[in-house]
Amino acid sequence: MSLLPTVESETAANPVYSIIWLHGLGADGHDFAPIVPELVVPEWPAIRFVFPHAPVRPVTINNGMAMRAWYDIYGFDLLSQQDEAGTRESITQVETLIAREQERGVPSERILLAGFSQGGAIALATGLRHAQRLAGIVALSTYLPIAHTLANERSAANAGVPIFWGHGTYDPVVALQRGVESRTTLEALGYRVDWHTYPMPHSVCPDEIADLRRWIGEHLR
């Protein structure tokens, strides 16, 4: 599978960690690139941030308009009918990005997957199935897609992967209850979720970035 186009930045030469960060529906890889200087602590080891652009595809819920999307969304009830084929295609594309980071000299256990909304869903779906241990998964304002197959498809290597989950209590796009239900599903399978809520809509906020900064710092070994 061809490599997705990406926006990249490195905090210093010769990165020893990589963070692959997936944007939300209708955005692109530039969307979260400005977060790097807000998030990074100077004392951290060198990190390469990789912000891929999702493919352009028609999105049913937006009247079939073509936009960057990790998978199609058929209705407002995000779980009633899911685009499993599109989700799995995106998992494969993110796996290809992980493999490239390994080819660049960053081992799997120093690669962190992050994502917002749709991107967070793919970060979860990919990371929990990835065959080699990852540094962590960051899930922001999102939910767990194709959850019905996770018990059979999950990777033993990532059974204990650190998971940071941030969600807005006023989120009108991915309702807080969706996140809570996803967290419950993961906890029932034995995953430990570092759960945080914030008084915000479908977005990120300074308190969330501060919590995420602390969390990432704890997992850079």
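Q: Which element gives the largest share of the lining of the second largest cavity?
A: In this predicted model, the second largest cavity is lined by Tyr17, Ser18, Ile19, Arg110, Leu112, Ala135, Ile216, His219 and Leu220. Strand S2 covers residues 17-22. The largest share of the lining, three residues, comes from S2.

Q: How do the residues lining the second largest cavity divide into nonpolar, polar and charged?
A: About 40 Å³ of space lies in this cavity. Its lining includes Ile19 and Leu112, along with Arg110. The division is six nonpolar, two polar and one charged.

Q: How many cavities of 30 Å³ or more are there?
A: Rolling a probe the size of a water molecule over the atoms shows where empty space is left. The second largest cavity holds about 40 Å³. The count of cavities of 30 Å³ or more comes to three.

Q: How much space lies in the second largest pocket?
A: The second largest pocket is lined by Ala159, Gly160, Val161, Pro162, Ile163, Gly190, Arg192, Val193, Asp194, Trp215 and His219. These residues divide into six nonpolar, three polar and two charged. The space in the pocket is about 150 Å³.

Q: How far apart are the end C-alpha atoms of helix H6?
A: Helix H6 runs over residues 206-218, which makes 13 residues. At 1.5 Å a residue, H6 should span 18 Å. The distance between its end C-alpha atoms agrees with this, at 19 Å.

Q: Within what arc do the buried residues of H6 fall?
A: The buried residues in H6 are Glu208, Ile209, Asp211, Leu212, Trp215 and Ile216. Seen down the axis, they line one face of the helix, because they fall within an arc of 160°.

Q: Which exposed residues does the face of H6 turned away from its buried side carry?
A: An α-helix has 3.6 residues a turn, so residues three or four places apart point the same way. The buried side of H6 is covered by elements including helix H1 (35-39), strand S6 (111-116) and strand S9 (193-198). The face turned away from that side carries Pro206, Asp207, Arg214 and Glu218.

Q: Is Asp211 buried or exposed?
A: Asp211 is found in helix H6. Leaving out residues up to four places away in sequence, Asp211 touches Phe164, His196 and Tyr198. Buried means under 20% relative accessible area. At 17% relative accessibility, Asp211 therefore counts as buried.

Q: How many of the residues of helix H3 are buried?
A: Helix H3 spans residues 118-127 and is mostly covered. What covers its buried residues includes S2, helix H2 (84-103), S6, S7, S8 and helix H5 (176-188). Among the buried residues are Gln118, Ile122, Leu124 and Thr126.

Q: Is Asn14 buried or exposed?
A: Asn14 is found in the loop between strand S1 (6-10) and S2. Although Asn14 is not a glycine, it has a positive phi of about 55°. Exposed means over 50% relative accessible area. At 67% relative accessibility, Asn14 therefore counts as exposed.

Q: What is the relative accessibility of Ser141?
A: Ser141 has a positive phi of about 50°, although it is not a glycine. Its place is in the loop between S7 and helix H4 (150-153). Ser141 counts as buried, because its relative accessibility is 0%.

Definitions and conventions:
Residues are numbered from 1 along each chain as its sequence is written. This is a predicted model: local features need pLDDT of at least 70, side-chain atom pairs count only at pLDDT 80 or more; totals for chains, interfaces and linings use all residues. Side-chain values use heavy atoms; hydrogens and water are left out. On a 1 Å grid over the protein atoms alone, a cavity is a set of points where a 1.4 Å probe fits but cannot get out, and a pocket is an open set with protein on both sides within 12 Å along at least five of seven lines; lining residues have an atom within 4 Å of a point. Grid points are joined across faces, edges and corners, and a volume is the space filled by probe spheres set on the points. Ala, Val, Leu, Ile, Met, Phe, Trp, Tyr, Cys and Pro count as nonpolar, Asp, Glu, Lys and Arg as charged, and the others, Gly among them, as polar. Helices (H or I, at least four residues) and strands (E, at least two) are DSSP runs, numbered from the N terminus. The expected span of a helix is 1.5 Å times one less than its number of residues. Buried means under 20% relative accessible area, exposed over 50%, partly exposed in between (1.4 Å probe, protein chains only). The arc is that of the directions from the helix axis to the C-beta atoms. Contact means heavy atoms within 4.5 Å.
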